[in-house]
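Please report on the model shown here. Cover its confidence, its metal site and selected local features.

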Amino acid sequence: MFKNGDSPWNKNKSGLSNRKQPKKSAFTKGYTPWNKGTEVSWNTAKTNTTYERMESNEYDLVVKPRMDGILLTTPDCEGNSRPMCILRPKKTPTVDLKTEIKNNSFDGMSIVDNEKLITMMNSAVHLHAIKSEPCGPPSFAYYNIQKWGVCLKFQVYCERCQFITPMYKLYKTIPSEKPGPDPAAANVGFALGIQETAIGNTRAQQLLSNMNCQPPSRSSMQRTSNKVSDKLVELNQDDMADKLEIVKAVNRKRGAPENEINLTVDVRYSSNTITSKKKPGQNANQACAVGIETVTDRKYIVATASLNQMCWTGAWLRGKGFTIECPNGHEECTADLHRAAPLSEYELGKKIGNQLAVQGILVKYATTDGDGRTANGINDAIQALHPMWKVERLADPIHLGNGQFRAAMRANFSDSMFGCRTKEQKKIIQKLFSQDIKARSSLITSHLMEVYGRDIQKISEDLPKAFEATMSRNMKGRLAATVHRSNNSPGKSTKMKCDRLGIELSGRTNAFLDSTDRECAYQKEYQKREEVQHRKLSQKAENLVVHKTFKELNKANICDVYKKGQLDPVLDDHASCVKKRL
Ligand SMILES: [Zn+2]
Ligand SMILES: [Zn+2]
């Protein structure tokens, strides 16, 4: 607003130009535009967008469901979605993962009996010579190969005159009373071998296929291993009775009452930890106990007992909607304990006590760890037959000493467990024993997980087929095999097992088994030598010194060493923080 006395800003400034400043964007002569010569292109981000229809398995890799579970995203490392245009996936043909494909090609390695092979060669040439029209020397090729477990039947023909030989079995059989073809010795031996080692049927198949041998089908392997397992349990029962006779004889010679023994008992579970975050109740679902006599220095295992919650036939039937309970709910039940019932060391002790009481044995002192009431179980079982008898419990000093570690290492054996004189041997046996049940349960489940893409429904559908032989039933067989091996030397044990199963071992195999026994005996003797023990002690001391000095020298970077949970926040601090805030 104009006020009186104000002078306008342009007063006395005549001659100011009326023209506006020239526009900056105006064209000046000689100017080259910035984009001269450049080619016009679209935004690169947009050109990358392709409309691709992927296969469904590739689509599953690229696209992730969003948190709300309805929409889909294609996140980068930060979790941001880029503007991608993805079409719905193509349908892939469903692949049948269940049935094993029949393979009848003629190449690869095969396991054949040497004698039978030479018989086949002679017979084929002979038959060709007398039966066909004059043909000269035969030119044989494979006509048919039939698989029989790991063994094979062969049929060859002459390429020139088309003469076909009969089918030759290239394996030895075990004569049996049962209807159907006699079992092949090698198949039974293979099943025995699997139960003696820490691998299962699936890994054994892998082992064979790595050698380019065609592995037997799973179903036939399982049938055989069921039979072998039963026989092994029988054999071990007889063998443990024999060992008790040895103990009795020792007692007689000492002038002691022959049927009184001292026993050490320990229980092993199918899981390392007794509680689990994922499963209600106990984590382990199988347990086995071994009773070891301490009368003789040999420390024979004279009784075994096992508890098993698992019955896959039962689980399968329940899944199909039948209301049955295990045990005693159906035929061929493998469980001897309800699946929700806790594994009880008292029950295991009772089983061991019963076994011994039936054979007229009385347990004077039972040494156990402080975990369970095994000794009470043995006591109650024996008192049922001999009401005046009392079993005393001794605490195992090794277990007491290990009290600190017991929570985590519950499944550990005490030193006297397997009665092996050398540490090496004990290590091997203990390792095998512990790996057996544990390894196979996780192994089979993880394999099933792979095959079925973590679809629990499908897994449970297939469980009876896959598990029956390898887990539940064979648990007893495996326990028996291991106990038998530790009661006898490894080579002798194998011979006895083969003998019981009707497998005839060749002279060379027998010689090998003898040599393993000799090696075993030599190791025992060697480890007992005074100079060896002295050397081992001094090595131990040296190790301690080296370890200590190294630790002191490297105090600075101690945090580089593995330490469980060292980066996790400490729980106690958190608790006190919460308290303060409250
Ligand atoms: Zn011919
Ligand atoms: Zn059952």
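## Basis and confidence

This is a predicted model, in which local features need pLDDT of at least 70, side-chain atom pairs count only at pLDDT 80 or more, and totals for chains, interfaces and linings use all residues. Residues are numbered from 1 along each chain as its sequence is written, chains are lettered from A and ligands numbered from 1 in the order in which they are written, and side-chain values use heavy atoms, with hydrogens and water left out.

pLDDT is the predictor's confidence in each residue, from 0 to 100. The chain has a mean pLDDT of 76, and 73% of its residues reach 70 or more. Helices (H or I, at least four residues) and strands (E, at least two) are DSSP runs, numbered from the N terminus. Among the elements of the chain, E5 has the highest mean pLDDT (93), and helix H10 (residues 397–401) the lowest (44).

Two stretches call for care. Over residues 398–418 pLDDT stays under 50, and the model has 41 contacts beyond four places in sequence for them. Contact means heavy atoms within 4.5 Å. Over residues 448–472 pLDDT also stays under 50, with 47 such contacts. Where pLDDT is low, the predicted coordinates should not be read in detail.

## The zinc site

Which residues are the protein donors of the zinc ion (ligand 1)? They are His128 (NE2), Cys135 (SG), Cys158 (SG) and Cys161 (SG), lying 2.1 to 2.3 Å from the ion. Donors are N, O and S atoms within 2.8 Å of the metal (3.2 Å for Na, K and Ca); water is not among the atoms, so sites may look incomplete. The angles among the four donor atoms are 103 to 121°, and the site is tetrahedral. Four donors count as tetrahedral if all angles lie between 85 and 135 degrees. The ideal angle for four tetrahedral donors is 109.5 degrees.

In sequence, the donor residues follow the spacing H-x6-C-x22-C-x2-C. Histidine 128 lies in helix H3 (residues 114–131), and cysteine 161 in the loop between strand E4 (151–158) and strand E5 (168–169), so this pair ties together parts that are 33 residues apart in sequence. Histidine 128 is buried, at 3% relative accessible area. Cysteine 161 is partly exposed, at 28%. Buried means under 20% relative accessible area, exposed over 50%, and partly exposed in between (1.4 Å probe, protein chains only).

## Aromatic pairs

Three aromatic pairs turn up in a search of the whole structure. Rings of Phe, Tyr and Trp (its six-membered ring) pair if their centres lie within 6.5 Å; planes under 30 degrees apart count as stacked, over 60 as edge-to-face and the rest as tilted.

One pair is tyrosine 142 with phenylalanine 154: the ring centres are 5.3 Å apart and the planes at 40°, so the pair is tilted. Tyrosine 142 sits in strand E3 (residues 140–148) and phenylalanine 154 in strand E4, 12 residues apart. Tyrosine 142 is partly exposed at 38%, whereas phenylalanine 154 is buried at 5%. Another pair is tyrosine 143 with tyrosine 157: the centres are 5.8 Å apart and the planes at 65°, so the pair is edge-to-face. This pair also links strand E3 to strand E4, 14 residues apart.

## Strands E7 and E8

E7 and E8 run antiparallel, joined by seven bridges. Two strands pair if DSSP finds at least two bridges between them. Cysteine 288 has serine 306 of E8 as its bridge partner. Eight of the eight residues of E8 are buried.

Lysine 299 lies in the loop between strand E7 (286–293) and strand E8 (301–308). Its phi is positive, about 55°, although it is not a glycine. Glutamine 162, in the loop between E4 and E5, has a positive phi of about 60° and is not a glycine either. Most residues other than glycine have a negative phi.

## Helix H6

Asparagine 236 lies in helix H6 (residues 218–254). It is buried, at 2% relative accessibility. Not counting residues up to four places away in sequence, asparagine 236 touches Ala480, Val483 and His484.

Lysine 248 is also in helix H6. At 12% relative accessibility, lysine 248 counts as buried. Beyond four places in sequence, lysine 248 contacts Glu258, Gln359 and Ile361.

Note on methods: Four donors count as tetrahedral if all angles lie between 85 and 135 degrees; four count as square planar and six as octahedral if opposite donors are over 155 degrees apart and all others between 65 and 115; anything else is irregular.
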